[in-house]
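Notebook open. I want to look up the pockets first, then the salt bridges.

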Amino acid sequence: MSQPTLSSSPYAHNNQNVRKLMLQVQIAALPALLVYIYIFGFGIVVQWLLAVMTLLVVEYIMLKLRGRPVLPFMTDMSALITITGLVFCIPPGAPWWVIVSGSTFALIFGKHLYGGLGYNPFNPAMLGYAFLLISFPVQMTLWISPSEISGYYMGFMDSIQLIFTGQIPSISMDALTGATPLNELRVGISQGINVTDIINPEATIDTKSTHFLFGLNSWAWINIAFMAGGLWMLYNRTIRWQFPVGFLGSLALMGFIFHTVDPSTYPPVDFVLLSGGTMLAAFFIITDPVTASTTPKGRFIYACGIGVLVYVIRSWGAFPDGIAFAIILMNIAVPLIDQYTQPRVFGHKR
């Protein structure tokens, strides 16, 4: 009788690896990308191609400087996830140097200077986004209006022209650009306008960045597309449920409390959850396995903290959408959260 082969633990394995995980995240983002292109045109495609070219140059140089093999690290797709998350946060008509500088900063200061993938304490995409918000606030808040509002759909060549020259000769830039619903909300409240009048489809004020389909604006449909991709990742167990549940639950709770107290100043829960980058953050950004908490309780606490901070920054901070800053702040707290939420060792006796 043959003797059993002895091997060291662990004995349980799965077929996941970094490349497969990153590919699943890229696939999950496709519905949002298609909706994004339908609403805002092909600017995001041009921006993504610019970011990929920047990625190839920056990754090659940094890996060579660090003495690392180039091919294995460039093909693990981790850097691709970083620039994809960043591109979704950048206005599709922003100048070319915005996406190039943001991608460069995210990859160098968010990843390589800490030792590469697995060692970075901050989410690289959000670090790059925060850098752009602080450095170029005008370019980062000027969004392309949906084609239904502007009456002009940005094709691929139009997008190239706008991104590299700053204008499209056939249309006025004032008619093509506008603010996001979160920006409109902030401006409207500062002018003493009731929240209901700002977000209402029949609002009398100018909401040229917002068009309504089945009672939902452009950003609501983009958020729904991100949620669809996120639910698919949950089904495949690519991400953990504590992240979206904790983040969306705390954000919804904050929205419900303050809207109940003062409905004229604070928007309803549906607007809070379906505006800005809420669903992008819930399913694609805060679920980063490197910079997020790793314990079951810790993941939930981490996500809840981000939800509370996002609402605080949106309501009383200097930026319309505080997702980047909320995530970075909670990244700092991750070691402390993990330290105090360690699960008991198997076999522990009370």
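Helices here are DSSP runs of at least four residues, numbered from the N terminus. One caution before I start: this is a predicted model.

**Entry 1, largest pocket.** I looked up the volume and got about 840 Å³ for the largest pocket. Its lining takes in 42 residues. Nearest the centre I find Leu21, Met22, Thr287, Asp288 and Pro289. Then I went through the helices: H1 (18-28), H5 (78-89), H7 (124-135), H14 (218-235) and H17 (278-285) each put at least two residues into this lining. Which helix has the largest share? That is H5, with seven residues. By residue class I noted 22 nonpolar, 15 polar and five charged in the lining.

H14 gives the most here, with four residues. For the classes I wrote down 20 nonpolar, six polar and one charged.

Side chains of opposite charge can pair when their charged atoms come close. I searched for such pairs and came away with two salt bridges.

One joins Lys111 and Glu59, with N to O at 3.3 Å. I checked where the partners sit: Lys111 is in the loop between H6 (96-110) and H7, while Glu59 is in H3 (residues 43-65). They are 52 residues apart, so I filed this as a link between distant parts of the chain.

Are these two buried or exposed? Lys111 has a relative accessible area of 7%, and Glu59 has 1%. The cut-off for buried is under 20%, so Lys111 counts as buried and so does Glu59.

The other bridge pairs Arg314 with Asp321, and their closest N and O atoms are 3.0 Å apart. I ran the accessibility check again. Arg314 comes out buried at 13%, and Asp321 is buried at 13% relative accessibility.

Notes:
Residues numbered from 1 in each chain as written. Predicted model: local features only at pLDDT ≥ 70, side-chain atom pairs only at ≥ 80, totals over all residues. Heavy atoms only, no water. 1 Å grid on protein atoms, 1.4 Å probe; cavity = no way out; pocket = protein on both sides within 12 Å on 5 of 7 lines; lining within 4 Å. Points joined across faces, edges and corners; volume = space filled by probe spheres on them. Nonpolar A, V, L, I, M, F, W, Y, C, P; charged D, E, K, R; others polar. Salt bridge = Lys/Arg side-chain N within 4 Å of Asp/Glu carboxyl O. Buried < 20%, exposed > 50% of the residue type's maximum accessible area, 1.4 Å probe, protein only.
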